[in-house]
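Please look over the sequence and the model shown below. The report that follows goes through them topic by topic.

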Amino acid sequence: MPDSVKRLLAGAERKTIWGEDGQFDRVEDVWSLPATITDAEKAECRKALAAVDRHLARANETMLAGRVASALAHYYVPDVPASVQAAVAEDWFRQVGEFPDWAIQMAFSRWLGMERRRPTIADIRDLCQRAVRQWRRRQERLRKIVDAHCADVRGADVVPMPALRRMDDPQ
């Protein structure tokens, strides 16, 4: 990603977020949409957004099914009917399938390397959310920039259609 785009995405300051219980929760960058950007930055932001969208593309279902099956095979798997296995697989697809392949692979790899118990869907989902958090923030900011500043060039390669008129309208 070009430095100019990184600069546009960076937060101007850091803000401490406190939980409802008064305890420290996290630190976030305070970011605001840039007022103006150059034409070159517009083009770079569009390219960067397309690349981030590809990087965050949903998981391949075949990869996810194989990864879940191989990871859970390390633990005791009771003999259950095929219909129950299919329902369990559907639960995994529904809850984890929104994440990209790389995040799912990383989540299972981390889990298998550091935990002794069988992972739940929520465990893997949490690890996936942590893996993509920074990428989704980047995607959201890029989308805001593109929506706000690139409307004039979004369809630059599309030839406008002439306005239609009724046959009985005078010219």
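A salt bridge here is a side-chain nitrogen of Lys or Arg within 4 Å of a carboxyl oxygen of Asp or Glu. E98 is partly exposed, since its relative accessible area is 25%. Buried stands for under 20% relative accessible area, exposed for over 50%, and partly exposed for values in between (1.4 Å probe, protein chains only).

The model is a predicted one, in which local features need pLDDT of at least 70 and side-chain atom pairs count only at pLDDT 80 or more, while totals for chains, interfaces and linings use all residues. Residues are numbered from 1 along each chain as its sequence is written, and side-chain values use heavy atoms, with hydrogens and water left out.

## Other salt bridges

The structure contains eleven salt bridges. One of them pairs the side chains of D25 and R26 at 2.4 Å, N to O. D25 is partly exposed because its relative accessibility is 43%, and R26 is partly exposed because its relative accessibility is 36%. A network of salt bridges links E90, D91 and R94.

D39 and K42 form another salt bridge through their side chains, at 3.7 Å from N to O. These two residues are three apart in helix α2 (residues 39-55), so about one helical turn separates D39 from K42. An α-helix has 3.6 residues a turn, so residues three or four places apart point the same way. D39 is exposed, with a relative accessible area of 59%, whereas K42 is buried, with 11%.

## Overall layout

The chain has six helices and two strands. Helices (H or I, at least four residues) and strands (E, at least two) are DSSP runs, numbered from the N terminus. Starting at the N terminus, the order of elements is α-β-β-α-α-α-α-α.

Of the 171 residues in the chain, 27% count as buried. A contact means heavy atoms within 4.5 Å. Among contacts between residues at least 6 apart in sequence, 74% join residues at least 24 apart.

Helix α2 has 17 residues, which at 1.5 Å a residue should span 24 Å, and its end C-alpha atoms are 24 Å apart, in agreement. The expected span is 1.5 Å times one less than the number of residues in the helix.

Which residues of α2 are buried? They are E41, K42, C45, A48, L49 and V52. Seen down the axis of α2, these buried residues fall within an arc of 130°, so they line one face of the helix. The arc is taken from the directions that run from the helix axis to the C-beta atoms. D39, K47 and R54 are exposed on the other side of α2. The buried residues of α2 pack against α1 (3-9) and α6.

## The nonpolar core

The largest nonpolar core has 34 residues, and those with the most contacts inside it are V96, I104, I124 and L142. The elements that give two or more residues to this core are α1, α2, α3 (61-72), α4, α5 and α6. Helix α6 supplies the largest share of this core, eight residues. A nonpolar core is a set of buried Ala, Val, Leu, Ile, Met, Phe, Trp, Tyr and Cys residues joined through side-chain atoms within 4.5 Å. In soluble globular proteins, nonpolar side chains tend to be buried together.

Leaving aside its neighbours within four places in sequence, L142 is in contact with V5, L9, C45, A48, L49 and V52.

## Cysteines

How many disulfides does a search of the whole structure find? The search finds zero disulfides, a disulfide being a pair of cysteine sulfur atoms within 2.5 Å. C150 is in no disulfide, and its nearest cysteine sulfur, that of C45, is 6.4 Å away. C150 is buried, with a relative accessible area of 0%. C128 also counts as buried, at 0% relative accessibility.

## Residue D101

D101 lies in helix α5 and is partly exposed, with a relative accessible area of 30%. Leaving aside its neighbours within four places in sequence, D101 is in contact with A57, A59, N60 and M63. D101 and R67 are 34 residues apart in sequence, and their C-alpha atoms are 9.7 Å apart in space.
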